[in-house]
Amino acid sequence: MDKIIIVGGEKLRGDVHISGAKNASLPIMVSALLAPGWSTFKNVPNLVDIKTIKKLLRNLGAKIEGEGTVRINTENISNCEAPYDLVKTMRASVLVLGRSEERRVG
C-alpha cells in the first residue's frame, strides 16, 4: 500500500477564496425584480451565464452596476418581454417568466 510522508511539521496557514456559485447567483439576481429600488449581491462569479442574465435584466429596464459585487436597480422596469435570442441561450431565463399584472373582473 502506498503512503504519503509529510516532512516539515509546520501548520498550514493562508486564505482560500471561495467563488460564488452560478446556479445560486442566477435566481438570486433575478429576485431583485421582486422589490423596487437597489439590491446588492456579493460574491457573484464573472461567467457567461451571469453576463447573459444581466443583459436580460437590462432589457427589462433594470440598471446594473459592478462585477463580483453586483448592484441592480429595478425602479424603472419598463418591459415585460424577454427576447428569444437571450432566453434560448440559458435555461435560467425561465426565472423571469412570471410577471405581475393587475386584473380587473367585471
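**Close-up views of a predicted protein model**

**View 1. Contacts and overall form of the predicted protein.** Of the contacts (heavy atoms within 4.5 Å) between residues at least 6 apart in sequence, 58% join residues at least 24 apart. The model is predicted, so local features need pLDDT of at least 70 and side-chain atom pairs count only at pLDDT 80 or more, while totals for chains, interfaces and linings use all residues. Residues are numbered from 1 along each chain as its sequence is written, and side-chain values use heavy atoms, with hydrogens and water left out. The radius of gyration, taken over C-alpha atoms, is 20 Å, whereas a compact globule of 106 residues would have one near 13 Å; the globule rule is 2.2 Å times the number of residues to the power 0.38. Along the principal axes, the C-alpha atoms fill a box of roughly 80 × 30 × 25 Å.

**View 2. Order of helices and strands.** The protein contains 3 helices and 3 strands, which are DSSP runs numbered from the N terminus (helices H or I, at least four residues; strands E, at least two). Along the sequence they follow the pattern α-β-α-β-β-α.

**View 3. The largest nonpolar core.** A nonpolar core is a set of buried Ala, Val, Leu, Ile, Met, Phe, Trp, Tyr and Cys residues joined through side-chain atoms within 4.5 Å; buried means under 20% relative accessible area, exposed over 50%, and partly exposed in between (1.4 Å probe, protein chains only). The largest such core has 19 residues, of which M29, I53 and I72 touch the most other members. At least two residues of this core come from each of α1 (22-30), β1 (38-44), α2 (48-60) and β3 (68-73). Helix α2 gives the most, with 5 residues. In soluble globular proteins, nonpolar side chains tend to be buried together.

**View 4. Surroundings of M29.** With neighbours within four places in sequence left aside, M29 is in contact with F41, V44, I50, I53, K54, L57, V70 and I72.

**View 5. S25 and N43.** S25 is placed in helix α1 and counts as buried because its relative accessibility is 9%. Leaving aside neighbours within four places in sequence, S25 contacts N43, V44, P45 and I50. N43 lies in strand β1 and, although not a glycine, has a positive phi of about 65°. N43 counts as partly exposed, because its relative accessibility is 35%.
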